[in-house]
Amino acid sequence: MDIKISPSMLASDYANLEKELDKCKKGKADLIHLDVMDGHFVPNISIGAPVIASMKKVCDIPFDVHLMISKPYDYIEDFVNAGADIISFHTECDSDIEKTIDKIISLGCKAALAVKPGTPIEAVFPYLDKLSMVLVMTVEPGFGGQNFMESVMPKIKTLREKCPALDIQVDGGINADTVTLAGRAGANVFVAGSAIFKSDDPAKTISILKENAKI
């Protein structure tokens with residue numbers, strides 16, 4: 001499986017987004033992870049489609065948009081139009097899961113499902129034939145800078161055994177050490193925020209994350 005690094009803009013300097021995106025380009029990031037929060041599904045509010053559209057104008061790295069919102073179905077078209085290349089939404093949301101997946105795909109975007117740490121991985125099984133990726137949260141969604149939950153690793157192992165070729169993404173507390181644990185469990189797409197944007201050398205950090213994920 002290809003190892004992919006998706007820097008989380010939630011940890012970036014929002015006053016200098018173009019410069020922060022340039023760091024990702026120089027570091028040869030594979031994706032840009034964009035967290036969308038509505039203050040209802042999670043107790044935090046972040047960016048929306050207009051900000052993502054502005055970022056897309058200055059960045060050609062694929063956008064990996066993570067919808068932490070209660071009714072993702074109602075907003076899929078907005079985020080596709082804003083430039084999303086992959087849209088992940090949560091099994092725990094209020095929208096019809098299959099209809100939401102179908103809408104994402106019908107608009108020419110890749111669909112992914114996300115699960116919180118306490119949600120059984122089996123929740124995604126009925127939809128695997130339509131998904132390009134599954135996002136396994138290694139923290140409770142809503143805030144950056146949390147500690148990695150190693151207890152989630154068995155879920156990744158179970159999913160990898162079932163789907164040898166699927167992109168499995170992990171998000172939360174990923175650094176040079178925890179990326180190895182997640183990689184050994186079977187993940188191949190890694191969201192890292194603080195580890196990259198708080199680094200003195202983001203490009204080197206991205207390189208280290210890729211190498212450590214293979215250990």
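Modeller: Happy to; we will go through the salt bridges and then visit a few other spots. This is a predicted model, where local features need pLDDT of at least 70, side-chain atom pairs count only at pLDDT 80 or more, and totals for chains, interfaces and linings use all residues. Residues are numbered from 1 along each chain as its sequence is written, and side-chain values use heavy atoms, with hydrogens and water left out.

Let's start with the general idea: side chains of opposite charge can pair when their charged atoms come close. Here a salt bridge is a side-chain nitrogen of Lys or Arg within 4 Å of a carboxyl oxygen of Asp or Glu. By this rule the model has 8 salt bridges.

Please find Lys-130 first. Its partner Glu-98 gives a salt bridge in which the closest N and O atoms are 2.9 Å apart. This pair links distant parts of the chain, since Lys-130 sits in the loop between strand S5 (110-115) and strand S6 (133-137), while Glu-98 belongs to helix H4 (residues 97-106), 32 residues apart. (Helices, H or I of at least four residues, and strands, E of at least two, are DSSP runs numbered from the N terminus.) Lys-130 also forms a salt bridge with Asp-102, with 2.8 Å between the closest N and O atoms. Again distant parts of the chain are linked, with Asp-102 in helix H4 and Lys-130 in the loop between S5 and S6, 28 residues apart. Through shared partners, salt bridges join Glu-98, Asp-102 and Lys-130 into one network.

How open are these residues? Buried means under 20% relative accessible area, exposed over 50%, and partly exposed in between, using a 1.4 Å probe and protein chains only. Lys-130 is partly exposed at 27%, Glu-98 is partly exposed at 37%, and Asp-102 is partly exposed at 33%.

Now move to helix H1, where Asp-22 and Lys-25 lie 3 residues apart, about one turn of the helix. Their side chains meet in a salt bridge of 3.7 Å, N to O. Asp-22 is partly exposed at 28%, and so is Lys-25 at 33%.

Pro-7 has a relative accessible area of 0%, so it counts as buried. Contact means heavy atoms within 4.5 Å. Leaving out residues up to four places away in sequence, Pro-7 touches several residues, including Cys-24, Leu-31, His-33 and Phe-197. Ser-8 is in the loop between S1 and helix H1 (17-26), and counts as buried at 6%. Beyond its neighbours within four places in sequence, Ser-8 contacts His-33, Asp-35 and Phe-197, among others.

Cys-24 brings us to the cysteines. A disulfide is a pair of cysteine sulfur atoms within 2.5 Å, and the structure holds 0 of them. The cysteine sulfur closest to that of Cys-59 is in Cys-24, 7.0 Å away, so the two are too far apart for a bond. Cys-109 is in no disulfide either, as its nearest cysteine sulfur, that of Cys-59, is 15 Å away. Cys-59 is buried at 5%, and Cys-109 is buried at 6%.
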